[in-house]
Amino acid sequence: MSKKDELKKQILELTRQYYREVHEPKPAFVPGETRVNYGGRYFDDAEMVNLVDASLDFWLTAGPWAHKFETRLAQWLGVKYCSLCNSGSSANLLALTALTAPELGERQIRRGDEVITVAAGFPTTVACIVQYGAVPVFVDMDIAEGNIDTTQLEAAFSPRTKAVMVAHSLGNPFNLQAVVDFCRQHNLWLVEDNCDALGSEYFIDGEWRKTGTIGDIGTSSFYPPHHMTMGEGGAVYTNNAELHKYVNSYRDWGRDCWCVGGVDNTCGCRFTGQFGQLPAGYDHKYVYSHLGYNLKATDMQAAIGCAQLEKLDFIVQRRRENFDIMYCGLQDARGLLLPEPQKNSRPSWFGFFITVKEDAGYTRNELTSYLEDHKVQTRNLFAGNLLRHPAFEQYREGVDYRVIGKLPVTDRIMRDSFWLGLYPGMTEERLQYMIQTVKNFTNK
């Protein structure tokens, strides 16, 4: 063994010891004193070893670990192509921007074209539409599933409609059959924001498929509370080679070159091509076919992701088990509407969605305040109704959008709904404490 390898071995063994000393979960739980978080990092020494290993190589940008992660995540999802990026929000930006590529011809999303979406979600599903200059068209929600009301799709359609871009809320797939049928009928793009639903499955076209792989493009987030984490990170995936090319171009400064980091002249004609009005033979590494960004992740983030991928099947199973425990435990809680899984789906739950009934005799805020006071962390369904936020209030004159109806269910979610955590670090004691704390309030 070389001196270098010997030193690395010692460092990585010390890293394992450090994890056990500092980060290994402590089992003690004191009801009413120990905070029950809605989510958090779920990791062990493998992630820390990979992170240190990658840092010792000092390949600071995307490199071998990133390539390994992209290949393995694509295999796990069952898709051909995966592009790692620096966040789920960037993944949404890349997915939408890829559909604006001029090479797409009549199917290109142009400024003023419309994209059907919802207002009860995370803002960066919508922000990329607005920032490009396309027009979001907001439809209402289904309260039981916390997802898009697909009965409003036809009302939302116009000659300018080019795409549907919507999230699988809290891991519960939306009605993909209805949305896919609608997109096929009108030749529309479908972007699945899969950031909360990694591992969810839906039965369509005679087979079970993972959400995010059924539309034209899927996106994921690897922020700490999500199914898997890199700290920060995201991914865009597709079976469409052309869209994959555009995603990578927009992610990597808009360049035309497809060489991976540290490699030159993959195409074999780096100095012999003719591009636009550039001089013949202009260096292909500095030819830009799109106006892009730099949205790459680092190899150290990817190294963490590779360790997380090894746990992903377990993470999905644990989230499903935790959902079942919560659902059974809250069946007799007074005044609550519990979540209903989408038909023909196997959700990989992100959170446990709860709506306070209108005749409950108490409000959502009263219940969540009680829970927070008793050390149970709660979260609203993100924006609730994005149209009522300062971002739209302040810039109303400069934001072009359409709304189908008055979004009464969206407003109800904003007023009456919230969710509790199901992440795999949640112990049986914590789950039962959450259940009992909810019932102590609702059934008093």
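Tyr38, Phe122, Phe350, Phe382 and Trp419 come together as one aromatic cluster. Rings of Phe, Tyr and Trp (its six-membered ring) are paired here if their centres lie within 6.5 Å; planes under 30 degrees apart are stacked, over 60 edge-to-face, and the rest tilted. In total, the structure holds 18 aromatic pairs.

A word on the model: it is predicted, with local features needing pLDDT of at least 70 and side-chain atom pairs counting only at pLDDT 80 or more, while totals for chains, interfaces and linings use all residues. Residues are numbered from 1 along each chain as its sequence is written, and side-chain values use heavy atoms, leaving out hydrogens and water.

Two of the pairs deserve a look of their own.

| Pair | Geometry | Centre to centre | Angle between planes |
|---|---|---|---|
| Phe29 and Tyr433 | edge-to-face | 5.8 Å | 70° |
| Phe138 and Phe392 | edge-to-face | 6.2 Å | 75° |

Phe29 sits in the loop between helix H1 (3–23) and helix H2 (45–57), and Tyr433 in helix H14 (residues 428–442), so their pairing ties together parts that are 404 residues apart in sequence. Helices (H or I, at least four residues) and strands (E, at least two) are DSSP runs, numbered from the N terminus. Phe29 is buried at 11% relative accessibility, and Tyr433 is buried too, at 13%. Buried means under 20% relative accessible area, exposed over 50%, and partly exposed in between (1.4 Å probe, protein chains only).

The other pair also links distant parts of the chain: Phe138 belongs to strand E3 and Phe392 to helix H12 (residues 390–394), 254 residues apart. Both Phe138 and Phe392 are buried.

Charged side chains meet rings as well. The charged end of Arg346 sits over the ring of Trp208, 3.8 Å from its centre, and Lys210 lies over the face of Trp76, at 4.5 Å from the ring centre. The criterion is NZ of Lys or CZ of Arg within 6 Å of the ring centre and within 35 degrees of the ring normal.

Now to the nonpolar cores, sets of buried Ala, Val, Leu, Ile, Met, Phe, Trp, Tyr and Cys residues joined through side-chain atoms within 4.5 Å. The largest has 31 residues, and Ile116, Val164 and Leu190 have the most contacts inside it. Elements giving two or more residues to this core include strand E2 (114–118), strand E6 (161–167) and helix H7 (176–186). H7 provides the largest share, 5 residues. Beyond its neighbours within four places in sequence, Ile116 is in contact with residues including Val137, Leu153, Val164 and Phe182, contact meaning heavy atoms within 4.5 Å.
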